[in-house]
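The following exercises treat one protein chain. Each task is followed by a solution in steps.

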Amino acid sequence: MLVINMAWTKEYGRQHYLENKEKLRQQGKEYYSKNKERIDARNKKYYASHRNECCERGKIYAVQKRKELQNEVFRIYGHMCACCGESNQIFLTLDHINGNGTRERTESPGFGMLKKAIREADKTKYQILCYNCNCGRWRNKGICPHKSSH
Ligand SMILES: [Zn+2]
Ligand SMILES: [Zn+2]
């Protein structure tokens, strides 16, 4: 008996929900079509006044955050290319030593690799390479041409 009752209640609940969902959706639609211009104008105004502000703030924040993280990475892993000794920071990148040619992106929006490298502070996993050596290594099956040409 109990099972039957439960099944019935469940079915009724579902039915009730479906009916209301349809009703609610209908109400929302009606409200929108009656107030369409007002709602659209409000959205537009809000979007226009906030869009640039938000974007700019986000951009500045991202640049600052990246700088902070990169400085921390250089402090831990050194300020020069582990292969050729390049020390101009603009050339330097963080390299995943056992990446096996898969390029882990340092440009990811969440700065995942930088954060991970700082957290782990493991010099057997990460090293600083300049762009040349980083790309060279990646193109040359994991060994920088500086090292394999001799
Ligand atoms: Zn280098
Ligand atoms: Zn090199």
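**Exercise 1.** Determine whether C135 is buried, exposed or partly exposed, and state in which helix C135 lies.

*Solution.* Step 1: recall the cut-offs. A residue is buried if 20 or more other C-beta atoms lie within 10 Å of its own, exposed if 12 or fewer, and partly exposed in between, with C-beta atoms placed from the backbone. Step 2: apply them. C135 has 15 C-beta neighbours inside 10 Å, and therefore counts as partly exposed. Step 3: locate the residue. C135 belongs to helix α4; helices (H or I, at least four residues) and strands (E, at least two) are DSSP runs, numbered from the N terminus. From C-alpha to C-alpha, C135 and P145 are 9.8 Å apart in space, while 10 residues apart in sequence.

The model is predicted: local features need pLDDT of at least 70, side-chain atom pairs count only at pLDDT 80 or more, and totals for chains, interfaces and linings use all residues. Residues are numbered from 1 along each chain as its sequence is written, and chains are lettered from A and ligands numbered from 1 in the order in which they are written.

**Exercise 2.** Identify the buried residues of α4 and explain why they lie on the same side of the helix.

*Solution.* Step 1: in α4 (residues 131-139), the buried residues are C133, N134 and R137. Step 2: these residues lie on the same side of α4 because they cover an arc of only 100 degrees around the axis, the arc being that of the directions from the helix axis to the C-beta atoms. Step 3: the packing partners of the buried residues of α4 are β1, β2 and α5 (145-148). Step 4: just after α4, K141 has a positive phi of about 55 degrees.

**Exercise 3.** Describe the largest nonpolar core.

*Solution.* Step 1: a nonpolar core is a set of buried Ala, Val, Leu, Ile, Met, Phe, Trp, Tyr and Cys residues joined through C-beta atoms within 7 Å. Step 2: the largest one has 14 residues, and C81, L94, I128, L129 and C133 have the most contacts inside it. Step 3: at least two residues of this core come from each of α2 (36-77), β1 (92-96), α3 (112-120) and β2 (126-130). Step 4: β2 gives the largest share, four residues.

**Exercise 4.** Where in the chain is confidence lowest, and where is it highest?

*Solution.* Step 1: pLDDT is the predictor's confidence in each residue, from 0 to 100. Step 2: the chain has a mean pLDDT of 84, and 85% of its residues reach 70 or more. Step 3: confidence is lowest in helix α1 (residues 2-34), with a mean of 78, and highest in β2, at 95.

Notes. Two residues are in contact if their C-beta atoms, placed from the backbone, lie within 7 Å.
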